[in-house]
Amino acid sequence: MHFDIFTLFPDMFQGPFSESILKRAQERGLLSIALHNIRDATADKHHVVDDYPCGGGAGMVMKPEPIFASVEAVYQSGPIILLTPQGRLFTQQVARELSQFERITLICGHYEGIDERVRHYLVTDELSIGDFVLTGGELAAMMVVDATSRLVPGVLNGEESTLEESHSGGLLEYPHYTRPPDFRGWRVPDVLLSGNHAEIAKWRRKESLRRTRERRPDLFAKLDVSSKQDMKLLKELEEENQG
Ligand SMILES: C[S@@+](CC[C@H](N)C(=O)[O-])C[C@H]1O[C@@H](n2cnc3c(N)ncnc32)[C@H](O)[C@@H]1O
């Protein structure tokens, strides 16, 4: 999978992309990321990338010409995504959708944002990473690259499952423990040390249901819990709450 990222601040990406899983994925040829400085595509002497908003008002707006020029110089295929707080919400489902593409283009805004003609005539999708406003699209782009590329087969190298984790099946994931079994008197639940795989799976399902219901009632409301096992586990949770 290949990402082309268009930004005014390419150096911001150096840390996150040169460590850990993303670094290894690039070394193994599973992932490539090209950073393009929008400023390099300016034609004027002062490399101007922004200008005053038409109609007046605070802040500066990113000019369309360098954005079009830099994207058009390298674009081959795939979605051209603008990071913007006005976009559709980036979720695990969207990450899965994006992980099917060979190539993805990401455009990072800055200042007040970008000239609307970029959105109209260049961009094919707009993503927001949440209902808050960042200073620029760079952190948002990093999140999209990270969450998407870990779903590309081989990137996680079998270390983690992407099927059971939070937001994959509509549930939050169950709690994790590792050794020691007793830390400061706080014990790992006995069932996890029992070696009984069926009981462990049941415990995990129950804890996932508990967590999702407590922390994310919005997700819980959308869940299909009509299976016999889930009904039983939910009844047990009710009884625990009453007891
Ligand atoms: C200060 S913001 C501009 C916000 C814009 N004036 C508005 O009200 O919609 C600058 C840039 O940060 C990025 N950005 C800010 N918040 C974001 C979010 N929640 N998700 C994705 N990108 C975001 C966008 O690229 C945006 O162009």
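Into which domains is the chain divided? In this predicted model, domain 1 covers residues 2-149 and domain 2 covers residues 182-242. The C-alpha centres of domain 1 and domain 2 are 40 Å apart.

The largest nonpolar core is made of 36 residues. Those with the most contacts inside this core are Ile5, Phe6, Ile67, Leu83, Leu106, Ile107 and Ala141. Two or more residues each come from β1 (2-7), α2 (20-27), α3 (64-74), β5 (80-89), α4 (92-98), β6 (103-108) and α6 (138-149). Among these elements, α6 gives the most to the core, with 5 residues.

Isoleucine 5 shows what such a core residue touches. Leaving aside neighbours within four places in sequence, isoleucine 5 is in contact with Phe13, Ile33, Leu35, His36, Leu106, Cys108 and Ala141. Two of these partners, Leu106 and Ala141, are also listed with those that have the most contacts inside the core.

Helix α3 can be read by its two faces. Its buried residues are Pro66, Ile67, Ser70 and Val71. Because these residues cover an arc of only 120° around the axis, they lie on the same side of α3. The buried residues of α3 pack against β1, β2 (32-37), β4 (61-62), β5, β6 and α5 (116-121). On the face turned away from the buried side, α3 carries Glu72 and Ala73, which are exposed.

The next stop is the ligand. Around the ligand there are 20 residues, and the closest are Leu83, Gly109, Leu134, Gly137 and Ala140. Leu83 was already met in the core, where it is among the residues with the most contacts. Which element gives the most to the shell around the ligand? That element is β5, with 4 residues. By type, the shell holds 9 nonpolar residues, 10 polar residues and 1 charged residue.

Leucine 172 is placed in the loop between α6 and β8 (182-183). Is leucine 172 buried or exposed? Leucine 172 counts as buried because 21 other C-beta atoms lie within 10 Å, and the cut-off for a buried residue is 20 or more. Not counting residues up to four places away in sequence, leucine 172 touches Ser166, Ser208, Arg211, Thr212, Arg215 and Arg216. Leucine 172 and isoleucine 129 are 43 residues apart in sequence, and their C-alpha atoms are 19 Å apart in space.

Methods. Residues are numbered from 1 along each chain as its sequence is written. This is a predicted model: local features need pLDDT of at least 70, side-chain atom pairs count only at pLDDT 80 or more; totals for chains, interfaces and linings use all residues. A nonpolar core is a set of buried Ala, Val, Leu, Ile, Met, Phe, Trp, Tyr and Cys residues joined through C-beta atoms within 7 Å. A residue is buried if 20 or more other C-beta atoms lie within 10 Å of its own, exposed if 12 or fewer, and partly exposed in between; C-beta atoms are placed from the backbone. Two residues are in contact if their C-beta atoms, placed from the backbone, lie within 7 Å. Domain bounds come from an automatic or database domain assignment. The arc is that of the directions from the helix axis to the C-beta atoms. A residue is near a molecule or strand if its C-beta atom, placed from the backbone, lies within 6 Å of it. Ala, Val, Leu, Ile, Met, Phe, Trp, Tyr, Cys and Pro count as nonpolar, Asp, Glu, Lys and Arg as charged, and the others, Gly among them, as polar.
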